Amino acid sequence: MDDSSSLFYRVFKAKFFPHCSILETDTKTRGSYAWQSIIKAREVLLKGGVWRVGDGRKIKIWKTRWLLEDHHRSIVTHGPQLLQDCTVDQLILKPRMEWDSALIDKLLYDAEAIKNIPLSDRAPPDKFCWPGTANGLYTVKSGYHSLLHYEKQHLPGSSTKDTLQPIWNSVWSLQIPKKCQHFAWRASREALPTRVNLCRRRLPIDPTCENCRNSPEDVLHAVWTCPSIHLVWAQEDWTQGIRASPVMDFADLFSKVLATAYQQNSEVFIVISWLLWQRRNKKRLGQDVLDIDQVGNKARAYLTEFVSSFETPPPTELIPAVNIKWQPSRDFVFKVNYDGAVFQETNEAGIGVIVRNQAGKVMATLVQKVRYPQSVECIEAWAAKRAVQFISEIGLSEAEFEGDSKTVVAALNVSHPSAAPYGHLIADAQSLARALTSFCFSHVKRQGNALAHALARMAKTIDDIEVWMEDVPPPTKRLYLSEISS
Ligand SMILES: [Zn+2]
C-alpha cells in the first residue's frame, strides 16, 4: 500500500510529455487513402514493435510492449485505473539507473521479466524498435511474420482473465524448463496452433483431430481428452479425481491441477502435456515418436535431468578442434576477447573477457554472471560493453576488442545509432571506447575466441563476478596454455 501510494503520488507529479509521433496520433481524424495505408503499417508496427527502455520516460508501464520475452512483451499484472498513465521511469532508481527491485517485486507479477532488461547508465531516450530482425529495422517480410504470430496469440479463448491470473502466477514458480513454462502459458491462453485455432484463422482446415477422427482438436483435446492418449493419464494415479470431473478448457484443467495436486505433480502435468504436444507435432510431420506408454516415464526423467543440471558442475574444460587460432593484435599492444553465454534453465547469462598482450600473455580475465537479457545478440553486445569498461577499470587505454558475433561487431563499427533492442548497449560500448586513446572492434570466428567463450560458460558456476589479474581461472588454464604454445 505504501509503495503504490507513493507511485500514485509520483503519477501526479509526473509531467505530460508534449512528444507526439505517428505512433501516438489519433487514428480517427483523417480519411485519405495514403493516410489509411500509413495507419495500417503503423498498426503492424504497434502490434509487433517493442520499446527499448532508455530512461523509461516515454513508455507507459501498462498496455505497451516493452518486455524482452517473445511471449511476454507487455505487463500482465492488472494495473489499477489510477496508474494507467504511469511511465517506466518510475520503476527506475536514478541517477544509478537500476531497476527499483523492491517496488517492482511488490507491484508486478512480471517482476522477473522487467529486471531482465539491461539499462544504460547514460539514460538515453527510449526507442521504439522492431524485434523481428537482428538489426532492429523493419522489413515487410518480418512484419508479415509478426502479424501471423500476433493473430495466433490473440485468438479468442474461452477463458476469462480471472481464471488466467492465478495460472500466470503459478507458471513461473514451477521448477520446469523455460520452454515448458512458455508452453503452459500459451496452452492456457489457447494460443497453440491446434486445428480448431487454425480453423478460426480461416485456414481451409478440418478442425477434427487427426488421431481419433472424432472431435474437434483444441488444446484440451490434444493433450487431455483425446482417446488416443488416454493411457498416459490413466497411468498417472494422482489425476484420478481430476479426470472424473468435467473441465472446460486447458486453463480450467490446469487450475484444477494447481489447486489439487502437489507442486511436483503440477510440474509432471505440464511436462507431460508439453511432451504430448511435441509428440503430436512430430507425428504430423511423419517423424518417429515416443510410445504412448513411455510418455510419463520420459517426463519424469526429463524433470530429474533438469533439476540435476543445477547440481552438477559443468565439464571443466573443452579444447576445441582448432584450425583458426587466437592471434595477437597487429596494431595494438593489447587484444581483448569477449563473449557471452546463455544459461536458459536458470534465466541467467555469462560474460567472459580476457586481455592479452602481443606475446599472448594474459593481463587480466573477467567472469561475470548477469540476468539473461532474452537474446543472444543482446548478451554479446553487453559483453562488448563490459570488455571496454573492464579495460578502463584495469588502467589500460588502448586495445583491439574482438568478438565472434558478426551482427554485434558490425553494429559497433557504424556510427549511426543501432535500432536493435541492444542498441543502447552498443552506444554505451562506443561511448566508453571513445574515452580510450585508441581502439578498434574486430570480428573473429568462434575458434579464435575460445577462451572468452570458456570464461563466459564458467560464469554459470560463480555467484556474481570474478576478476583474475595476470592469470586465468584454473578451469581454463589448459586451454590458455595450449593457445600460447601453439
Ligand atoms: Zn483426438
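Author: Helix 13 (residues 263-284) has 22 residues, which at 1.5 Å a residue should span 32 Å; the end C-alpha atoms are 32 Å apart, so the two values agree. The expected span of a helix is 1.5 Å times one less than its number of residues. Helices (H or I, at least four residues) and strands (E, at least two) are DSSP runs, numbered from the N terminus. After helix 13 comes glycine 286, with a positive phi near 75°.

The structure is a predicted model, in which local features need pLDDT of at least 70, side-chain atom pairs count only at pLDDT 80 or more, and totals for chains, interfaces and linings use all residues. Residues are numbered from 1 along each chain as its sequence is written. The chain has a mean pLDDT (the predictor's confidence in each residue, from 0 to 100) of 82, and 81% of its residues reach 70 or more. Over residues 1-35 the pLDDT is below 50, and this stretch has 24 contacts in the model beyond near neighbours in sequence; two residues are in contact if their C-beta atoms, placed from the backbone, lie within 7 Å. Residues 155-161 also have pLDDT below 50, with 13 contacts beyond near neighbours in sequence. Where pLDDT is low, the predicted coordinates should not be read in detail.

Six strands form an open sheet of mixed pairing in the order 9-8-5-6-7-10, two strands being paired if DSSP finds at least two bridges between them. Strand 9 and strand 10 (465-469) are the edge strands, each pairing on one side only. From one strand to the next the twist averages 15°. Helix 15 packs on this sheet, where it touches strand 5, strand 6, strand 7 (362-371) and strand 8 (398-403), and its direction makes about 145° with that of strand 5. Axes are lines fitted to C-alpha atoms, for helices over the stretch in contact, and angles run from 0 to 180 degrees between N-to-C directions.

Within the sheet, strand 5 and strand 6 pair in the antiparallel sense over nine bridges. With 17 C-beta neighbours inside 10 Å, asparagine 347 counts as partly exposed. A residue is buried if 20 or more other C-beta atoms lie within 10 Å of its own, exposed if 12 or fewer, and partly exposed in between, with C-beta atoms placed from the backbone.

Strand 6 itself is mostly covered, eight of its nine residues being buried. Strand 6 also pairs with strand 7 in the antiparallel sense, over nine bridges. Isoleucine 351 has glutamine 368 as its bridge partner in strand 7. This second hairpin has five residues between the strands, and glycine 360 takes a positive phi near 85° there.

Helix 17 (residues 423-434) has twelve residues and reaches 17 Å from its first C-alpha to its last, close to the 16 Å expected at 1.5 Å a residue. Ten of those twelve residues are buried, so helix 17 is largely enclosed by the rest of the structure. Its buried residues include Gly423, His424, Leu425 and Ile426.

Most residues other than glycine have a negative phi, and most peptide bonds are trans. Lysine 94 and proline 95 are joined by a cis peptide bond, with omega about 5°, and proline 95 lies in the loop between strand 2 (92-93) and strand 3 (98-99). Glutamate 190, in the loop between helix 7 (178-188) and helix 8 (195-200), has a positive phi near 55°. Glutamate 190 counts as buried, because it has 22 C-beta neighbours inside 10 Å.
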